[in-house]
Amino acid sequence: MVNAGLSLILLAVVLILLLNALERKKIRSNFRIIPSFDQLQRALNHTIEGGQGVQITLGRGSILSPQAGSTLAAVEMLASIARLCLNSDTPPLATSGDGSIALFSYETLMNTGQGMRSGARINPRMAQITGVSPFTYAAGTMLAQRNGKYQLAVALGNYGPEMGLLVDTAERSRAFFTGGTDNILAQSVLFASSRSVLIGEEFFSASGYIHQDSLHNASIKTQDILRIFLIIVIIIGAVLKAAGKL
Amino acid sequence: MRWIVWRILILTTALILLAGVFFNGPILREINQILLSWIITIAGVAALLGIFNLLKVHSGRVRQERTDWVNSVVLLFSFTGIFITGILLKPNHPVYVSLVNAIITPVETSLLALLAITLIVALIRAIRPGINGTTVIFITSAVLFLWAATGFVPFQEARQSQLVLSFFNTLPIGGARGILLGVGLGSLTTGIRALLRPGQKADS
């Protein structure tokens, strides 16, 4: 079992490095169309052109917890969106429910701002921690969303069912909402309440759809290859079990 | 140059922690313990900084008299009260525990109740002209499973009914496992991506 896990990790590393080397000369990859990303891109353009702000909610998955993967994906998305809207009339707002994520998001905004040719002023209020327990975090984020300046709300990372409250607040403020999470319960709540949902692994590739580069493309392709590999293994396993050989 | 040193440091730490998951040796365990205790200390300091950030943001809202600034005043007062009580009584004191529970539990229960209503409204709102196939399947399955959960299923003891019910029971389990596999793969590739590109400056 340990060897299977380690082999999967090594396989993923090799595939990403290999595909990254192959993708380096390519400028744009043709990914499958995910309607939520098209809607998000349109909402982003509309929001930035209108001088409105973007609120990015990064969840509560601590960097020390098994949910760190979803937090990393959310932070990547923050960097991709910040590149587009840091110089907008209304600066973006990153909210989180954990101290380490708040620091991480502030650092990401700083790095993104410094990397921009035009330069951008970052202040600590752009990366806020709005609560430390699931519902206080949701309540704090709802309060920040009600500001009226934010016409686009993006919620990615680790949440519980309280995510439904964020969707409702965004709808009430007439803001476009898109979200994705690693939690099954939150995902079902999100599916019931939002029109733009990123299901399963889709949200891990979100930043790759907004800001393409070779490493992102390679990791999305690796994800697809590994998924096909796992599907084949599961089917073979099911057939062998049905035949009584397993 | 400094960038390469950081990169090597991050990769080495990650590899040591990963090796600790798969291999079990006394030296590796010791190094992992030290690294983890450092990380936990840093996370603790980060949580403290997060609380300072929360207070700074809300005191700013009160100073500038922004929308809903009264909520921020309530937050600042309750935080100060709970903090001072915690320092004086210690966090395990029964009075302190009941004080915190008396605030947190009703607030969270109210929000949960609000969520239930929000979900019902969302489900009703989803039934609209131009509804897509996936939403139809979702609403149908939600209604079917709510019905099954009540226990009032006719002929549920019959063998055929049992077969149909067990088939329908496997559908959400299969779906959930599929989504979890996707999430696992996504976490894996995101983690590797972050390790291969630690702290890279953004290109505008």
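One term to begin with: two residues are in contact if their C-beta atoms, placed from the backbone, lie within 7 Å. Helices (H or I, at least four residues) and strands (E, at least two) are DSSP runs, numbered from the N terminus. This is a predicted model, in which local features need pLDDT of at least 70 and side-chain atom pairs count only at pLDDT 80 or more, while totals for chains, interfaces and linings use all residues. Residues are numbered from 1 along each chain as its sequence is written, with chains lettered from A and ligands numbered from 1 in the order in which they are written.

**Stop 1: helix H2 of chain B.** Select residues 26-63 of chain B. Now highlight Ala46(B), Gly50(B), Asn53(B), Leu54(B), Val57(B), His58(B) and Arg61(B), which are the buried residues of H2(B). Buried means that 20 or more other C-beta atoms lie within 10 Å of the residue's own; exposed means 12 or fewer, and partly exposed is in between. What covers them? The cover includes H4 and S3 of chain A, together with helix H3 (69-89) of chain B. After H2(B) comes Glu65(B), with a positive phi near 50°.

**Stop 2: where the chains meet.** Show both chains: 60 residues of chain A are in contact with 50 residues of chain B. On the chain A side, H4(A) gives the most, with eight residues. By class, that side has 31 nonpolar, 19 polar and ten charged residues. Here Ala, Val, Leu, Ile, Met, Phe, Trp, Tyr, Cys and Pro count as nonpolar, Asp, Glu, Lys and Arg as charged, and the others, Gly among them, as polar.

**Stop 3: H3 and H4 of chain A.** Select residues 68-85 and 99-115 of chain A, whose helix axes come within 9 Å and cross at roughly 30°. Axes are lines fitted to C-alpha atoms, for helices over the stretch in contact, and angles run from 0 to 180 degrees between N-to-C directions. That crossing makes H3(A) roughly parallel to H4(A) (angles under 35 degrees). Among the H3(A) residues that meet H4(A) are Val75(A) and Leu78(A). The residues of this contact divide into seven nonpolar, four polar and one charged.

**Stop 4: H5 of chain A.** Finish with residues 134-145 of chain A. Twelve of the twelve residues of H5(A) are buried, so this helix is largely enclosed by the rest of the structure.

Methods:
Angles under 35 degrees count as roughly parallel, over 145 as roughly antiparallel, 65 to 115 as roughly perpendicular and the rest as oblique. The expected span of a helix is 1.5 Å times one less than its number of residues.
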